[in-house]
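Here is a short tour for anyone who likes to check backbone angles, ring pairs and helix packing by eye. Please load the model and follow along.

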Amino acid sequence: RVYHFRGVDPSRCAPDTDPVLARVRSASLLGIQAAIVSVEVDVASGLPSFTTVGLPDSTVRESRDRIRAAIRNAGFSFPVDRITVNLAPADLRKEGPAFDLPMAVGLLAATGVVKPDLLERAALVGELSLDGRVRPVRGVLPVALLCRQERIPLLMVPAENAREAAVVAGLHVIPVHSIHDTVEYLNGERPLERVEATAAGCVEPRRETIDFAEVRGQAHAKRALEIAAAGGHNVLMIGPPGAGKTMLAQRLATILPPLSLDEAIEVSVVWSVAGLLSAERGLVGSRPFRAPHHTVSGSGLIGGGGAPHPGEASLAHLGVLFLDELPEFSRRVLESLRQPLEDGVVTVTRAAGSASFPARFQLVGAANPCRRGCRSVETCACTPAEREQYLGRLSGPLLDRIDLHVELPAVTYAELDADAAGEPSAAIRRRVVAARDRQAARFAGTDVRVNARMSGRQTRLFCRVPAEAGRLLGRAVSRLGLSARAYHRVLKVARTVADLAGCETIAAEHVSEALQYRAFDRCL
């Protein structure tokens, strides 16, 4: 601060040592989106201190100790001055250790160790070990997408995150192993190899170790899952223990169409934010399959926490969410699925902020016919009231959002002992892909990809039924007591059945097959 006194030259009142300021670009996560953060480091004379401002969380505040040890162990001198680090914008909450590397580089730039030329064109993320090594962080893929959007040409990331960032075309990704490597590259003392990755190669699906050919019997359930895969419909399977519910659910992902590049990036962004991406592949190559335990909490299934993070519903985006023993889940947890089942998006609001996560998954639920899990109604020790109470844990609004209700009988000995293998997943997938291609042509130019996601206007336009099918549907609505939502879902399933048959119009037999998957509306 300079004070002006009469008769005194203001220049003589300036401090002896001017403060030094350096700026480094980094990024912070907001849900699955990233935002640019400017790391400003000021080194001024005064009592030694290290202050971090700009709404940092405890992890960011603790970074001063990691940075001090990392700089010293990397062979650089740590300034014995008053250090102030500002993370701008100041009203955006910063969390996680990804600011360690940009803060350390900013400090070295402020003390003249790092030249500013290349630094002005770069963005940095990374956690520091005490010995100066750079550790991987989560959320690098959305940061890379942000850098391309903001036209930042250079992104320096931990070596373990390099392939993840390199799938973003038009971005120069530099993997760094230590803070010493980072300084040498920024000063032009030695080049670091640029990571080259073709995104198309990263989307290759993994080799499946399970197949539909292994399933014995249950032809009715296989047909239902084929319809579900073709139209993106939700499924509820009810049957005794050992009927094959879990086995069938695990194989649903094997008949779903392969991920396109855009879909793989959508899924990988969520997995990157959750820190689950594989360092070798860079992208999620296959449809996700998530099967949380029935003791999962609401935040674990939907997402949440102090700073919102994705839950199992978002990790299953564009894949399968399997809930085994569905009535055993908490009623509150199950009801929280109603919004994502309808909208395909989860919005989590906390004191720290609000975040939205994509959640367009296929729900597959499995339940026993009674609390004891008896193999048949004839041998069941439960009373009708007990069975009704057990299945009554599933609310009507939730069941309305499940398109296919499938009853699985116990598998007979003759079916188990049969030598003939069932139809393989590859053959079923070819029919599913052909049906999806018809839907892609039908919904071209819209955000809708599958029949299950049709809007009300699209349902009226594409699901017109002839008079005979209309009368059949009307009788079913009256006898089963279908709600308006269930009625529209029957039409969507009928549209998918017609697509599998290669028919442009919905016939009475398509509506009849769709109606048989609503039989549990009478007893649930």
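You will find Q218 in the loop between α8 (199-202) and α9 (219-231). Bear in mind that this is a predicted model. The phi of Q218 is positive, about 55 degrees, although the residue is not a glycine. For context, most residues other than glycine have a negative phi, and most peptide bonds are trans.

L55 is another non-glycine residue with a positive phi, here near 60 degrees. L55 sits in the loop between β3 and α1 (58-61). With a relative accessible area of 40%, L55 is partly exposed.

## A cis peptide and a covered helix

The peptide bond that joins A88 to P89 is cis, with omega at about 5 degrees. P89 belongs to the loop between β4 and α3.

Helix α7 (residues 179-186) is mostly covered, with 7 of its 8 residues buried. The buried residues are I179, D181, T182, V183, E184, Y185 and L186. Just after α7 comes G188, which has a positive phi of about 75 degrees.

## Aromatic pairs

How many aromatic pairs does a search of the whole structure find? The search finds 3. One of them is formed by F50 and F78, a stacked pair at 6.4 Å centre to centre with 15 degrees between the planes. F50 lies in strand β3 (residues 49-53), while F78 lies in the loop between α2 (63-73) and β4 (82-88), so the pair ties together parts that are 28 residues apart in sequence. Both F50 and F78 are buried.

F443 and F462 have ring centres 5.6 Å apart and planes at 80 degrees, so their pair is edge-to-face; the cut-off for that label is over 60 degrees. This pair also links distant parts of the chain: F443 is in the loop between α19 (425-442) and α20 (456-462), F462 is in helix α20, and the two are 19 residues apart. F443 counts as buried because its relative accessibility is 2%, whereas F462, at 23%, counts as partly exposed.

## How α2 and α3 pack

Helix α2 packs against helix α3 (residues 100-110) at an angle of about 55 degrees, with 10 Å between the axes. That angle makes the two helices, α2 and α3, oblique to each other. Is the crossing of α2 and α3 left-handed or right-handed? The crossing is right-handed.

Which residues meet where these helices pack? From α2 come S63, R66, I67 and I71, and from α3 come D100, M103, A104, L107 and L108.

## The whole chain

Zooming out, the secondary structure of the protein chain comes to 23 helices and 18 strands. The C-alpha atoms fill a box of roughly 100 × 45 × 45 Å along the principal axes. Of the 524 residues in the protein chain, 52% are buried.

Among contacts in the protein chain between residues at least 6 apart in sequence, 74% join residues at least 24 apart.

Conventions:
Residues numbered from 1 in each chain as written. Predicted model: local features only at pLDDT ≥ 70, side-chain atom pairs only at ≥ 80, totals over all residues. Heavy atoms only, no water. Phe/Tyr/Trp six-rings, centres within 6.5 Å; stacked < 30°, edge-to-face > 60°. Helix = DSSP H or I, 4+ residues; strand = E, 2+ residues; numbered from the N terminus. Buried < 20%, exposed > 50% of the residue type's maximum accessible area, 1.4 Å probe, protein only. Axes fitted to C-alpha atoms, helices over the stretch in contact; angles between N-to-C directions. Parallel < 35°, antiparallel > 145°, perpendicular 65-115°, else oblique. Left-handed = near helix turned anticlockwise from the far one by under 90°. Contact = heavy atoms within 4.5 Å.
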